[in-house]
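Thanks for coming. I will walk through one structure today, and I will keep to what can be read from it.

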Amino acid sequence: MIVAKRKPFDEIASAAAPYHRIMVVGCGTCVAVCLTGGEKETGILAAQLDIAAQMAGRDQIFETACVERQCDREFLDELAERSEGCDAMLSLACGAGIQFLAERYPRMPVLAGVDTTMIGVNSAVGVWDEKCRACRSCVLTMTGGYCPLALCPKGQINGPCGGARQGKCETDPERDCVWSLIWSRLEGSGRLENLSAIQEPRDHSIANLPLRQVHPAYQRRYSAHE
Amino acid sequence: MNRFSQALKEKDFVVTVELEPPKGTDLEPLVKLASDLAKRVDAVVLADNPRAEARLDPVMAAHKLLRHAEVDVILTLTCRDRNRLALTGQMLAAAAAGVESLLLVSGDFVNLGDHPQAKPVYDLDSVQALQLAAKLSQGQDLAGGEISDPPAFLLGAAFSTQAEPRGAHLMKLKKKLRAGAGFIITLPLPEAAPYAPLRAETGEAKLIAGVTLADPAERERAAALVKELQAAKADGVHLALPAAQAELPAFLNACGL
Amino acid sequence: MNRKYEPKIVALLCTYCTYTAADMAGSMRLQYPSNVRVVKLLCTGKVDVVYLLGAFRAGADAVMVSGCEIGDCHFLEGNLRAKERVEHAKTLLDELGLDARRLEMFHIGASDAPKWAAAVEQMTRRALELGPNPLGQASAAVERTGEELTR
């Protein structure tokens, strides 16, 4: 899932400072699961902002709303009535959700309350680890299920760089060298020949522009000829 | 044929040294040092933003040394700071300046250097950079575009004998050899023992053993290591004194080179 | 008119331990400050950061959470979770500029009435030192918060 982290409080409070009535809008999907922008966190942030505003003598009202998903238009419509009279929305969704909210309410200043950090997994309660960089060209079959593009700072695709020491990364001695992990998994399952071919330079042309994806079942509906 | 590739062919034991371009614009001290070393080494290896520290462009430094120091140059290029367009440009610029030998490496990560906030590039890795240089030598760029007056590069790769798992690193080294590497320079060896087993893996390619001094007090130990490598019929040594390159002539003396 | 500052303290207490200790303190006729408003919970594991911020938002001068001694939770680890949440709430108070010492977690067993009395004294002293909650809401709001929280 997408993982995000709440922005520093002072940054949020100063972005919200010019507005009187602000709706803090959570998202009930990824950011709720990573305890950053769900219904509960929306309430916590609104309470914090309210206390801080009162202490600073600012006349502000913080309302809360949490939609199922900010990245689906039908869930954004339900805010239409409630947002009347609001001067700004403060979104706790990932970057995609924040943009979609701003697109749905173009006259409303939409403030970002979180920094989107990664596509990751829930390794333990309260802990998330990055796994994927959405590179649009997956190599995981070859690499035994560890992604060298996401987990190697240099994105090394042909094998480890010379900086690895005792299976750790040169950028951080605490961090596993992903090529060490790839090697031991493939060695353990007799699949080292996966790695024998030289990987040609990656085709970044597929990743340079925002991607639009149409499901095959909907190709006809959205094709230019219709 | 340039002096370094001739030496690789003809000499039993080649000697190269590492020189770093200045963090500044005055190349005179570098030219002077290289001139002092010219008669004693087969080539100087010019570093490219070593340890991810921003410095003068090594192609410009190579141009100066080739013209004024009468020493052959092996130009290091990292994949850290340039995408494939910029690497192509640098390689062609180097060839136009008279550089015939390249050492192509991934490059230390930016967080180890003096601009940790920089965006790292790594569009290509070292294997692919070798493919690029080999392709340029055949008159084509990576996209298949024609290169007029193509260069004739002798290509070098780096290897760390201390990196684990060794199998993974050897696998990559073999890819580098297949991509066109004709010589290998190892990261500094702690002792002579790892040399022979590695030599058995590298086939035709020449294997130059890296030697460094972490501490000037180790000079005797390093000199002994050089002599040991010489006795073991190593293809050559590459001496580096990262923080004290002005000491290289004295270090060569100590090593009897 | 300058009314004397009498801190309002909201106490969220576990029914299995500190609530019983507070009851016993009454039976034992222990004397301690009357500034505390008790909210009984089935377990401090029920405590949420929203409640803690809500109490301050409503004007509480200090908030105390008190659960079972470590290892004695009726629900095994509710008190440990409460402890983590109180610590997290302290960082949230710190970042918005409200002194985190206004909030504290205690562990007081059912038979430990004197410890309860001492804890109330400690928090009352602390609230006096720190002065009134800068939000300066009517003290009635605290009574209301207590009701809301128990609902």
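I will go through the chains and their contacts, then a sheet, a helix pair and a few single residues. One thing to keep in mind throughout is that this is a predicted model.

Let me start with chain A. Its secondary structure comes to nine helices and nine strands. The radius of gyration is 22 Å, while the globule rule gives 17 Å for 226 residues, so chain A is more spread out than a compact globule. Along the principal axes, the C-alpha trace of chain A spans about 65 × 55 × 25 Å. As for burial, 38% of the 226 residues of chain A count as buried. If we take the contacts in chain A between residues at least 6 apart in sequence, 55% of them join residues at least 24 apart.

Now the sheet in chain A. Which order do the strands take? The order is E3-E2-E4-E5, in an open sheet of four strands with parallel pairing. At the edges are strand E3, residues 61-67, and strand E5, residues 110-112, and each of these pairs on one side only. On average, and ignoring direction, neighbouring strands are turned by 25° against each other. To pick out one bridge, A:Val25 has A:Ser91 in E4(A) as its partner.

Two helices of chain A belong with this sheet. Helix H1, residues 9-16, packs on the sheet and touches E2, E4 and E5 of chain A. The direction of H1 makes about 165° with that of E4(A). Helix H3, residues 39-56, lies across E2 and E3 of chain A and runs at about 170° to E3(A).

Next, how the chains meet. Which pair of chains has the most contacts? Of the two pairs that touch, it is chains A and B. On that interface, 29 residues of chain B are in contact with 24 residues of chain A. The elements of chain B that give two or more residues to this side are H5, strand E5 (154-159) and H6. H6(B) gives the most, with eight residues. By class, the chain B side divides into 15 nonpolar, seven polar and seven charged residues.

The other pair is chains A and C. There, 13 residues of chain C are in contact with eleven residues of chain A. Helix H2 (49-57) and helix H3 (78-96) of chain C each supply at least two residues of the chain C side. H2(C) has the largest share, six residues. The chain C side divides into nine nonpolar, two polar and two charged residues. Between chain B and chain C there is no contact, and their closest C-alpha atoms lie 26 Å apart.

The axes of H5 (residues 126-137) and H6 (residues 166-179) of chain B come within 8 Å and cross at roughly 10°. An angle under 35 degrees counts as roughly parallel, and H5(B) and H6(B) are therefore roughly parallel to each other. On the H5(B) side, the contact is made by B:Ser126, B:Val127, B:Leu130, B:Gln131 and B:Ala134. On the H6(B) side, the residues are B:Lys172, B:Lys175, B:Lys176 and B:Ala179. By class, this contact has four nonpolar, two polar and three charged residues.

Finally, some single residues. A cis peptide bond joins B:Glu164 and B:Pro165, with omega at about -5°. B:Pro165 is found in the loop between E5 and H6 of chain B.

A:Ala134 is not a glycine, yet it has a positive phi of about 50°. A:Ala134 lies in the loop between strand E7 (127-132) and helix H7 (148-151) of chain A. Is A:Ala134 buried or exposed? It counts as exposed, because it has 12 C-beta neighbours inside 10 Å.

B:Lys233 also is not a glycine and has a positive phi, of about 60°. The loop that holds B:Lys233 lies between helix H8 (219-231) and strand E8 (236-240) of chain B. B:Lys233 is exposed, with 11 other C-beta atoms within 10 Å.

That is the end of my list.

Technical notes:
Residues are numbered from 1 along each chain as its sequence is written. Chains are lettered from A and ligands numbered from 1 in the order in which they are written. This is a predicted model: local features need pLDDT of at least 70, side-chain atom pairs count only at pLDDT 80 or more; totals for chains, interfaces and linings use all residues. Axes are lines fitted to C-alpha atoms, for helices over the stretch in contact, and angles run from 0 to 180 degrees between N-to-C directions. Angles under 35 degrees count as roughly parallel, over 145 as roughly antiparallel, 65 to 115 as roughly perpendicular and the rest as oblique. Two residues are in contact if their C-beta atoms, placed from the backbone, lie within 7 Å. Ala, Val, Leu, Ile, Met, Phe, Trp, Tyr, Cys and Pro count as nonpolar, Asp, Glu, Lys and Arg as charged, and the others, Gly among them, as polar. Two strands pair if DSSP finds at least two bridges between them. The radius of gyration is taken over C-alpha atoms; the globule rule is 2.2 Å times the number of residues to the power 0.38. A residue is buried if 20 or more other C-beta atoms lie within 10 Å of its own, exposed if 12 or fewer, and partly exposed in between; C-beta atoms are placed from the backbone.
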